[in-house]
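Dear colleague,

Please find below the structure that I am handing over to you. My notes on it come directly after.

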Amino acid sequence: QPGLKVGKVAGNANWKDYPAETNSTLRLDAAETLEKANAYSFWAANVTYVYWGQMYFKEGVYHFCKSLDDSGWMAIDGKVVLVDTAWNGRKSSGDITMTEGWHDVEFRFGNGTGDAGP
């Protein structure tokens, strides 16, 4: 199925573990969902959502930005290009030159306690 694998792991900035259970998605739902952390919301306290798979890039220069409450992390082809653990923070990757083709990508979005999302 096209898309990214997704699942969640314990911890608000978990950059290493992979989920035991996964689904597929075409979107980065966690980064797009603004809900307070409680038992009934998408976000829970001290959780990291992990998205990984492949994306096709045209040749060129790309620039990625994290603007998320709380933590964000991104890797392309196994190289970390963005990491930030400041709540409500904004951080950019700087310029990244990509070759055309399919590349391994991984995105992680973490929440501590309180508010969550973009």
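The model is a predicted one, in which local features need pLDDT of at least 70 and side-chain atom pairs count only at pLDDT 80 or more, while totals for chains, interfaces and linings use all residues. Residues are numbered from 1 along each chain as its sequence is written, and side-chain values use heavy atoms, with hydrogens and water left out.

**Overall fold**

The protein has one helix and eight strands, where helices (H or I, at least four residues) and strands (E, at least two) are DSSP runs numbered from the N terminus. Along the sequence, these elements follow the pattern β-β-α-β-β-β-β-β-β. Of the 118 residues, 41% are buried; buried means under 20% relative accessible area, exposed means over 50%, and partly exposed lies in between, with a 1.4 Å probe and protein chains only. Contact means heavy atoms within 4.5 Å. Among contacts between residues at least 6 apart in sequence, 71% join residues at least 24 apart.

**The nonpolar core**

The largest nonpolar core contains 21 residues, and W43, Y49, Y51, M74, I76, F107 and F109 have the most contacts inside it. Such a core is a set of buried Ala, Val, Leu, Ile, Met, Phe, Trp, Tyr and Cys residues joined through side-chain atoms within 4.5 Å. Two or more residues of this core come from each of β1 (4-10), α1 (29-32), β3 (47-57), β4, β5, β6 (79-84), β7 (89-98) and β8. The element that gives the most is β3, with four residues. As for F107, its contacts, leaving aside neighbours within four places in sequence, are L4, L28, Y49, V50, Y51, M55, W73 and M74.

**The largest pocket**

The largest pocket has a volume of about 250 Å³. A pocket is found on a 1 Å grid over the protein atoms alone, as an open set of points where a 1.4 Å probe fits, with protein on both sides within 12 Å along at least five of seven lines; lining residues have an atom within 4 Å of a point. Grid points are joined across faces, edges and corners, and the volume is the space filled by probe spheres set on the points. The lining has 14 residues, of which A31, C65, K66, S67 and F109 are the closest to the pocket centre. Two or more lining residues come from each of β4 (60-68), β5 (71-76) and β8 (101-111), and β4 gives the most, with five. By class, eleven lining residues are nonpolar, two are polar and one is charged. Here Ala, Val, Leu, Ile, Met, Phe, Trp, Tyr, Cys and Pro count as nonpolar, Asp, Glu, Lys and Arg as charged, and the others, Gly among them, as polar.

**Aromatic pairs**

Rings of Phe, Tyr and Trp (its six-membered ring) pair if their centres lie within 6.5 Å; planes under 30 degrees apart count as stacked, over 60 as edge-to-face and the rest as tilted. There are seven aromatic pairs by this rule. The rings of W15 and W73 are stacked, because their centres are 6.2 Å apart and their planes are at 20°. W15 lies in the loop between β1 and β2 (23-25) and W73 in strand β5, so this pair ties together parts that are 58 residues apart in sequence. W15 is partly exposed, at 24% relative accessible area, whereas W73 is buried, at 12%.

Y18 and W52 form an edge-to-face pair, with 5.3 Å centre to centre and 75° between the planes. This pair also links distant parts of the chain, with Y18 in the loop between β1 and β2 and W52 in strand β3, 34 residues apart.

**Single residues**

Most residues other than glycine have a negative phi. N46, in the loop between α1 and β3, has a positive phi near 55°. D77, in the loop between β5 and β6, has a positive phi near 50°.

V47 is found in strand β3 and is buried, at 5% relative accessibility. Its C-alpha atom is separated by 6.9 Å from that of G112, 65 residues apart along the chain.

With kind regards
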